[in-house]
Amino acid sequence: MGVDMEVEICVNHNPTGQLIGVQIKTGASYFKTDRFGDVIYRGSQTHLDYWLNHSLPIIIVLHNPDDNNTIWQKITSETITTTPKGWKVEIPIKQTLNHNAISKIKGMNKLPIYFQRLQRLGIHRKLIERVVKGQQIVLEIEQRANKTAGHAHIKIIKVSEKNYEDKLLSEGGYVHFSPEQDVYSIFPWAEFEIDEEYYDDYDTEEFYNNYGVWDPEEKTYAGTTISWQEYVSGLPRIRYIDTGGGEIHFYRLIFSLNDLGRAFLRMNTYLENGNQLKLLI
């Protein structure tokens, strides 16, 4: 509700653990300026309450498709103004969202990095609890292989135990994305394995295409140059299915909990039972 993106700040393409929430509005109609040259954004009280109480710092981003101008402002009790009809926030027309804005945005989350990493676990808590309850939660990734490098579309899916139908829980897009490494940055509490049933037909076809001995008279494979066990043992733990003529790399991975995820849940259960923890630094 009211947060379109969770953004992790990176330095030289390396994730820092620093997180912010972003609300995005697009349209030239948002860019009417007042006499001081500021853009005025007005929103609902429900959204404002949600933003001010969010565990992450929130920024509002306005994009004008007519001139490709994108401006931003942080949402805090200091930047918003109460009005007779609600509230407003002033966004300087020259406060452009570009590389120069990174230093200001980086400073918004004042918590130490280890607390910011805990924030990510808190954001994913409902998903973690689904995995703990034994629900089969699947991560699907579609990554463009040969065009816009690193662009990926991700879906989080719950598989029904009764009819094995997929229910979409959430989806989003990523840039500069490398599935084999970045899934562990986005979901530091998780382990992944491929959905073997889903991969079975593809793996079998690849096995025979690469190692099958074709009998042209019988028009079938007479055997293989290596065994199936040898082939499977050499496959990467996380791997893709090549679709779309090599244009799309598709992954279907199953979530499970790692030690960090289990420790996080134990800590929360401990605190919810009225106990206290002390952090020694």
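These legends describe close-up views of a predicted model.

**View 1. The largest nonpolar core.** The largest nonpolar core has 28 residues. Those that touch the most other members are Leu139, Ile141, Phe187, Trp189, Phe192, Leu253 and Phe255. At least two residues of this core come from each of helix H4 (125–132), strand E8 (136–144), strand E9 (152–159), helix H5 (179–186), strand E11 (190–194), helix H6 (196–211), strand E15 (248–257) and helix H8 (259–272). Strand E15 gives the most, with four residues. Apart from this core lies another, of 14 residues, which includes Val39, Tyr41, Leu48 and Trp87.

**View 2. Surroundings of phenylalanine 192.** Phenylalanine 192 is one of the residues of the largest nonpolar core that touch the most other members. Leaving out residues up to four places away in sequence, phenylalanine 192 touches Leu139, Val183, Tyr184, Phe187, Arg237, Ile238, Leu253, Ile254 and Phe255. Among these, Leu139, Phe187, Leu253 and Phe255 are also named with phenylalanine 192 as the core residues that touch the most other members.

**View 3. Histidine 249 in strand E15.** Histidine 249 lies in strand E15. With a relative accessible area of 16%, histidine 249 counts as buried, because buried means under 20%. Which residues is histidine 249 in contact with, leaving aside its neighbours within four places in sequence? They are Ile141, Glu142, Gln143, Ala145, Tyr240, Ile241 and Asp242.

**View 4. Helix H6 and its cover.** Helix H6 bends by about 30° at tyrosine 202. Tyrosine 202 is also buried, as are Tyr199, Asp203 and Phe207 of the helix. The elements that cover the buried residues of H6 include strands E11, E12 (212–215), E13, E14 (241–243) and E15, together with helix H7.

**View 5. A salt-bridge network around arginine 252.** The structure holds seven salt bridges. Side chains of opposite charge can pair when their charged atoms come close. Glu140, Asp166, Asp195 and Arg252 are linked in a network of salt bridges. Aspartate 166 pairs with arginine 252, and their closest N and O atoms are 3.2 Å apart. This pair links distant parts of the chain, with aspartate 166 in strand E10 (residues 166–174) and arginine 252 in strand E15, 86 residues apart. Aspartate 166 is partly exposed, at 41% relative accessible area, whereas arginine 252 is buried, at 6%. Aspartate 195 also forms a salt bridge with arginine 252, at 2.9 Å from N to O. Aspartate 195 lies in the loop between E11 and H6 and arginine 252 in strand E15, so this pair ties together parts that are 57 residues apart in sequence. Aspartate 195 is buried, with a relative accessible area of 10%.

View 6. The side chains of aspartate 259 and arginine 262 form a salt bridge, with an N to O distance of 2.6 Å. Aspartate 259 and arginine 262 are separated by about one helical turn because they are three residues apart in helix H8. Is aspartate 259 buried or exposed? Aspartate 259 is exposed, with a relative accessible area of 57%. Arginine 262 is partly exposed, at 36% relative accessibility.

**View 7. Arginine 130 in helix H4.** Arginine 130 is placed in helix H4 and is partly exposed, with a relative accessible area of 26%. Not counting residues up to four places away in sequence, arginine 130 touches Gln135, Ile137, Lys158 and Leu169. The C-alpha atoms of arginine 130 and lysine 158 are separated by 8.9 Å, and these residues are 28 apart along the chain.

**View 8. A nonpolar surface patch.** Leu111, Phe115 and Leu118 form a nonpolar patch on the surface. Together these residues have about 220 Å² of accessible area. Phenylalanine 115 is in helix H3 (residues 113–123) and is partly exposed, with a relative accessible area of 31%.

**View 9. The loop at serine 227.** Serine 227 lies in the loop between strand E13 (220–224) and helix H7 (228–233). Serine 227 is partly exposed, with a relative accessible area of 29%. The C-alpha atoms of serine 227 and leucine 265 are separated by 43 Å, and the residues are 38 apart along the chain.

How values were computed. Residues are numbered from 1 along each chain as its sequence is written. This is a predicted model: local features need pLDDT of at least 70, side-chain atom pairs count only at pLDDT 80 or more; totals for chains, interfaces and linings use all residues. Side-chain values use heavy atoms; hydrogens and water are left out. Buried means under 20% relative accessible area, exposed over 50%, partly exposed in between (1.4 Å probe, protein chains only). A nonpolar core is a set of buried Ala, Val, Leu, Ile, Met, Phe, Trp, Tyr and Cys residues joined through side-chain atoms within 4.5 Å. Contact means heavy atoms within 4.5 Å. Patches are made of residues with over 30% relative accessible area and no salt bridge: like charges are joined within 9 Å, nonpolar side chains (Val, Leu, Ile, Met, Phe, Trp, Tyr) within 5 Å. Accessible areas come from the Shrake-Rupley method with a 1.4 Å probe; for residues, only the protein chains shown count as cover. A salt bridge is a side-chain nitrogen of Lys or Arg within 4 Å of a carboxyl oxygen of Asp or Glu. The bend at a residue is the angle between axes fitted to the seven residues ending there and the seven starting there.
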